[in-house]
Amino acid sequence: MAVLQILTVPDPVLRQKAKQVKVIGPSVKKLIKNMCETLHDAPGVGLAAPQVGSSLRVIVISVPEEEEDIVLVNPEIVKTKGERICQEGCLSVPGYIGEVIRAEKVTAKGKNAGGKEIRIRAEGLLAEALEHEIDHLNGVLYIDKLDSPDKLHKLQPSDMVDEEDTVEI
Ligand code: NI
């Protein structure tokens with residue numbers, strides 16, 4: 001296993017539409033393991049494969065309320081409900097946070113690392129992370145979703161301590 005380098009804007013891979021995974025073979029399994037290790041090494045709760053230079057539809061999420069890492073291959077959002085404002089950051093846009101509108105509840109489906117079809121019903125941080133990471137697979141960053149440029153702020157050192165809901169995903 002290895003900690004991979006996380007690409008940051010304006011790396012072009014972040015803007016590509018990632019490809020569907022056809023077979024979860026050894027190379028994809030290795031990618032998943034390395035992504036989990038990279039995520040645990042980083043100050044974030046989620047990572048999409050394009051962020052480590054693989055333009056494939058794979059995401060990993062690690063949130064405090066879930067004991068195990070969530071791995072989704074070829075993930076899709078199947079349903080959303082409600083709206084809320086989130087203070088969001090991204091490991092590929094270091095040093096900034098922005099205000100974006102996300103769904104209150106999200107249902108997503110995809111395959112786990114073992115190739116089994118799974119469905120996740122989420123709210124809170126997990127719902128936000130699912131939307132954020134699946135956006136990455138479509139070349140979309142949260143900074144594209146701001147209502148106006150003044151919704152983007154430079155992260156102050158105090159934000160890291162004070163604002164529990166400010167996370168980089
Ligand atoms: Ni991100």
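1. A residue is called buried when its relative accessible area is under 20%. D135 has a relative accessible area of 13%, so D135 is buried. This is a predicted model, and the points below should be read with that in mind.

2. D135 takes part in a salt bridge with R102, in which the closest N and O atoms are 3.0 Å apart. Because R102 lies in strand β5 and D135 in helix α2, this pair ties together parts of the chain that are 33 residues apart in sequence. R102, like D135, is buried.

3. K145 also forms a salt bridge with D135, and here the closest N and O atoms are 3.1 Å apart. K145 sits in the loop between α2 and β8, whereas D135 belongs to helix α2, and the two residues, ten apart, link distant parts of the chain. With a relative accessible area of 36%, K145 is partly exposed, while D135 is buried. These contacts belong to a network of salt bridges that links E88, R102, D135 and K145.

4. E128 counts as buried at 4% relative accessibility, whereas R84 counts as partly exposed at 26%. A search of the whole structure finds six salt bridges.

5. Strands β4 (residues 84-89) and β5 (residues 96-102) run antiparallel and are joined by five bridges; E88, for example, has G98 in β5 as its bridge partner. The two strands form a hairpin with six residues between them, and G95, in the turn, has a positive phi of about 90 degrees.

6. Strand β5 also pairs with strand β8 (residues 152-154), again in the antiparallel sense, over three bridges. Within this pairing, Y96 has K154 in β8 as its bridge partner.

7. Which residues gather in a patch of positive charge on the surface? They are K79, K81, K105, R119 and R121. Strands β3 (70-81) and β7 (117-123) each supply at least two residues of this patch, while K105 is found in strand β6, residues 105-111. K105 is partly exposed, its relative accessible area being 40%.

How values were computed. Residues numbered from 1 in each chain as written. Predicted model: local features only at pLDDT ≥ 70, side-chain atom pairs only at ≥ 80, totals over all residues. Heavy atoms only, no water. Pairing = 2+ DSSP bridges. Helix = DSSP H or I, 4+ residues; strand = E, 2+ residues; numbered from the N terminus. Patch = residues over 30% accessible without salt bridge, like charges linked within 9 Å, V, L, I, M, F, W, Y side chains within 5 Å. Areas by Shrake-Rupley, 256 points an atom, 1.4 Å probe, with all protein chains shown as cover. Salt bridge = Lys/Arg side-chain N within 4 Å of Asp/Glu carboxyl O. Lys, Arg positive; Asp, Glu negative; His and termini not counted. Charge placed at Lys NZ, Arg CZ, Asp CG, Glu CD. Buried < 20%, exposed > 50% of the residue type's maximum accessible area, 1.4 Å probe, protein only.
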